Amino acid sequence: MNMNRIFLFLILGTVAVFASGAIEGEVEKQALNISAIVMFLIFVSGTLGITYWAAKRTKSAKDFYTAGGGITGFQNGMAIAGDYMSAASFLGISGLVYLKGYDGLIYSIGFLVGWPIILFMIAEPLRNLGKYTFADVASYRLKQTPIRTLAAAGSIATVILYLIAQMVGAGKLIQLLFGLEYEIAVVLVGVLMILYVTFGGMLATTWVQIIKAFLLLSGATFMAVAVMAHFNFDFSALFAKAVEMKNTESLDIMSPGGLVSDPISAISLAVALMFGTA
Amino acid sequence: MNKELVDKIKNNPDYQELVSKRTSFSIKLTISMLVVYFTFILTIAFNPSALGTPISSDSVTTIGIPIGIAIIIFAFVLTGIYTKRANGEFDDLSNKIKESIKEN
């Protein structure tokens with residue numbers, strides 16, 4: 001199983017290397033940024049340490065998939081939050097709001113709305129069945145082989161579209177921060193991903209995500225408070241400044257329409273965002 | 001789990017109460033979330049200028065901003081309501097069912 005997963009990552013890594021053209025843009029190779037590299041190495045060695053610690057404790061399937069059931073509700077909540085606050089919410093939405101204004105807010109709302117619905121409809125039955133993965137649950141009631149094939153096909157389709165975008169993003173980010181070659185950056189990201197998931201299982205993933213959630217939440221809160229302090233905690237002043245900055249492009253960033261300009265695309269985006277979470 | 005035990009749980013009035021209450025509660029919450037969300041989306045789709053109305057004449061802040069934030073808060077509140085009831089009433093009921101099964 002581990003070999004297959006490594007193989008899959010290798011393929012995806014290769015695709016990601018070639019997919020770099022997707023966001024070619026103005027990412028210039030930067031001068032070697034020592035402080036960023038040191039920060040990155042501290043974070044990576046810390047999280048790899050957790051993975052090593054977790055790998056020694058992971059002995060059964062129950063350990064691998066559910067951390068032996070030893071994760072508390074709060075810890076798990078933090079981990080899901082960390083998992084969820086990916087590059088998309090931290091960098092993507094901010095960028096989208098910067099570019100398109102109000103339409104970025106539509107994205108954040110759409111992402112969010114799927115979550116309560118999963119909680120209301122799926123969370124409890126899933127817990128009651130005591131299974132690990134979606135395929136396990138579906139094949140509990142339906143025929144094993146076809147449903148597992150379907151689940152695998154679905155996962156691979158999602159992973160190809162989603163993970164490659166993530167790896168391209170992460171590769172670009174590391175390229176930008178460290179002044180590394182893009183190809184090396186992507187391979188580095190891929191190798192780290194493999195190490196975290198294959199060896200550590202759910203226990204390591206959970207703790208890495210908890211740390212990530214904590215860092216992102218505190219970082220984003222600090223930035224939000226700092227920005228608001230700059231405007232004396234006056235929201236109208238902040239919005240007025242934003243509109244002033246964007247004025248040159250004669251784009252109305254305070255109302256919808258920058259990105260979704262017709263009814264069909266609005267509805268299609270809304271449904272896609274909601275199901276994207278679910 | 002053997003057939004006899006499954007039947008016993010299925011015929012337990014507490015179990016039936018739990019299932020019906022929880023199902024209707026989940027559906028109600030889901031529908032309210034969807035109604036709020038799609039009202040917002042359909043407004044964007046068919047009447048986007050409604051959300052672009054400034055709050056006051058001298059302000060650049062549009063009515064869409066507080067509405068968007070309100071939807072986010074609404075999702076949090078619904079989650080809170082669900083969690084409170086699931087951890088309280090529903091867990092109590094399911095513990096009661098477990099106890100009564102053990103006793104017999």
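Contact here means that heavy atoms lie within 4.5 Å. This is a predicted model, in which local features need pLDDT of at least 70, side-chain atom pairs count only at pLDDT 80 or more, and totals for chains, interfaces and linings use all residues. Residues are numbered from 1 along each chain as its sequence is written, chains are lettered from A in the order in which they are written, and side-chain values use heavy atoms, with hydrogens and water left out.

Q: How many residues of chain A and chain B are in contact?
A: On the chain A side there are 31 residues, and they are in contact with 33 residues of chain B.

Q: What makes the pair B:R22 and A:E124 a salt bridge?
A: A salt bridge needs a side-chain nitrogen of Lys or Arg within 4 Å of a carboxyl oxygen of Asp or Glu. In B:R22 and A:E124 the closest N and O atoms are 3.4 Å apart, so the pair meets the definition. The count between chain A and chain B is one salt bridge.

Q: Why is α2(A) called roughly perpendicular to α9(A)?
A: Helix α2 (residues 34-57) and helix α9 (residues 182-230) of chain A, helices being DSSP runs of H or I with at least four residues, pack at an angle of about 100°, with their axes 8 Å apart. Axes are lines fitted to C-alpha atoms over the stretch in contact, and angles run from 0 to 180 degrees between N-to-C directions. Angles of 65 to 115 degrees count as roughly perpendicular, and therefore α2(A) is roughly perpendicular to α9(A). Among the residues that make this contact are A:F40 and A:W53 of α2(A) and A:L188 and A:W207 of α9(A).

Methods
Helix = DSSP H or I, 4+ residues; strand = E, 2+ residues; numbered from the N terminus. Parallel < 35°, antiparallel > 145°, perpendicular 65-115°, else oblique.
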